[in-house]
Amino acid sequence: MTTPSTNRLRTAEQVGEQAGAVLREIGRAVVGKSDALELVMLGVLAGGHVLVEDLPGLGKTLLARSFATTLGLDFRRIQFTPDLLPSDVTGTPLYDQRTGEMVFHPGPVFTHLLLADEINRTPPKTQAALLEAMAESQVTVDGETRPLADPFLVIATANPVEYEGTYSLPEAQLDRFQLRVRMGYLTAGEELAMLRARIDRAAPEAVLERLAGPDDVVAWRAVVERVEIDDDLLEYAVALVGATREHPQISIGASPRGGLALVQLARARAVLDGRDYVVPEDVKDLAVPALAHRVSLRPELWVREMSTDDVLREIVDGVGTPTTRRTAAVSS
Amino acid sequence: MVLAAVVVGALAVAALALRPEQGLLHSGRGPLGHWGFVAIAVSVVWTFGAWTLVQNLRHRFGADRLSLPPREERLREAAAPLLLATVGVIGVLALVLHHFSTGDSTSGPPPPLAQDPVPTPTLATRPPEQRHGSTDHSSLPLYLVLALLAAVAVVLVVVAVVRRLRRFGLRVPQRPGHAGTAAQDDDARLLLSAVHSGRRALAGTGDDARAAVIACYAAMEDALAASGVPRHASDSPADLLSRAAGAGFAPGTAAPRLTALFREARYSSHPMDASHRAAAADALEEIASLLGAREGAHEGDRDGSPDDPHGQHDRNAEARR
């Protein structure tokens, strides 16, 4: 289903209202996770991929499925296991006895929204097969490059605690994710509300309504591309990224791709808020989810159980935001 | 480095005060033996001086801590309190171990212990109490030393507790009365002054609506800074607004409205016209009237109090102008 206004130019305010409605609908199924839902929606708007990292049972899979349903996107799920092969992700050519030709059978990656469940349970070779798809929205099989659907979004989940039988995602692949989301536990009140909602609906999961379609998502992303950002805010983003490279507790700082992701997510947040311009809050609030998974701490900090989120928060609190007065004059 | 230098200095002072001449464990008098109070004063002053110096220099060298490797950081964390404690212990030991005396016979070195089995006529003719040099009855009373040590300990504990309370953001209770009210009045006066300066800036921006909106917001920032909620370098407008609201300085909707106008004026290329300028001016006026009402309420409270300062009403009226 596509809204009637798909083909005409939309404003940031309209997109913000539509995306807000989608979030409210998903909130009926995923209770008490408004921050995580908003971050995933920012990934949808910004055209990036999302890594959801947290303990089992916190609703990661439900979240991905709810987005697919409400946004009206084709949805495939890959349960990553140690014996999964790259061809199980991308697809493989098979011999057709009737025609006598090799026919390509597309893998689950040929979809709009791909849930890569427990991505760190598969060997690096299979992880790398997903790499090209995430970075370039295309796969190459038998020397032939095939484009993926538009929009194409990967929501990958990873369990950060279990190390037995897992393969840590390499930095290069982590860098492909535009942001990392942590779900976290519900508060007592939220958990009570979730249990009450489950009893009231007398069904395992809430049935969500489809509120948009693939064309809507593409149109939303076009609106994000028109959001303006002041030079001072770009300098602020560069300062944040630069601070990760100079921090004494970080061995590998954020890449330039991290700066691009931060700015694009800030623009998406502006649209979600109904604005067509970025404000400092957009950049500051997204620095941790956009950059924390792209940096590596010094090994001696592992024993202190410090997380990259903690160090990034320290950096955000130390980097100055743009001054009140504009540095370059802008006419009224 | 500073702590190490302080400890070495403390050792030197202690050696000066305690210098034994008859063995390491002998409680000799040393060159200050004539003036026990000087030894006490030197020890106490040294301890406090060292403590003050360390506290002052800690802020200066604190910036280098982040750059230390973790191993050296752990070493520093272990050594710093140890050295600090050493400074205090040395001062106390200098007091406890000093051999106080008041007699004139204490100026010379103590006589050698009985090496000669035949007592010399000089020793034999001396009264028993003089033979022992600085004996118990000629020393400062023990209770005086203990009282002095107890007083020092109490002062140190009080200072440490107050500093810890302030570090955790807790306020030390203040005496009720005129002082607190006067400080609040000064805050309100500064707030109003900043708002009025914003009005003047608004009038001075001419036809530039964008500059006028930004000037209004800057005036609000100045007002908040004057009231003790300054903008930190890493603050976003939302951070500042949140802290101001938490401190009770952003009542109503005026401050959020002005902040939203500022964001648009500062970070967008939207055309700004007279309506934006008027909205910013209205928000600033609303903030001014709220602050004025707040000050009026303080004044009313003060009128009910017996120690109402003269001329405060005139000051408020002047601020409102």
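Student: Which residues are buried in α8(A)?
Tutor: Keep in mind that this is a predicted model. In α8(A), the buried ones are A:Asp216, A:Val217, A:Ala219, A:Trp220, A:Val223 and A:Val224. Looking down the helix axis, the buried residues fall within an arc of 165 degrees, so they line one face of α8(A).

Student: And what's on the face turned away from that buried side of α8(A)?
Tutor: That face carries A:Ala222 and A:Glu225, which are exposed.

Student: OK, what covers the buried residues of α8(A)?
Tutor: The cover includes α1, α2, α3 and α10 of chain A.

Student: Switching topic: in what order do the 5 strands of the open sheet in chain A run?
Tutor: The order is β2-β5-β8-β1-β9, with parallel pairing. β2 and β9 of chain A sit at the edges with a single partner strand each, so one side of each has no neighbour in the sheet. From one strand to the next, the twist averages 20 degrees.

Student: How many bridges link β5 and β8 of chain A?
Tutor: They pair over 4 bridges. As an example, A:Ala116 has A:Ala156 in β8(A) as its bridge partner.

Student: Which strands does α3(A) lie across?
Tutor: α3(A) lies across β1, β2, β5 and β8 of chain A, and runs at about 170 degrees to β5(A).

Student: Last one: how many residues does each chain give to the contact?
Tutor: Chain B gives 23 residues and chain A gives 22. On the chain B side, α8(B) has the largest share, 6 residues. That side divides into 12 nonpolar, 5 polar and 6 charged residues.

Note on methods:
Residues numbered from 1 in each chain as written. Chains lettered and ligands numbered in written order. Predicted model: local features only at pLDDT ≥ 70, side-chain atom pairs only at ≥ 80, totals over all residues. Buried ≥ 20, exposed ≤ 12 C-beta atoms within 10 Å, placed from the backbone. Helix = DSSP H or I, 4+ residues; strand = E, 2+ residues; numbered from the N terminus. Arc of directions from axis to C-beta. Contact = placed C-beta atoms within 7 Å. Nonpolar A, V, L, I, M, F, W, Y, C, P; charged D, E, K, R; others polar. Pairing = 2+ DSSP bridges. Axes fitted to C-alpha atoms, helices over the stretch in contact; angles between N-to-C directions.
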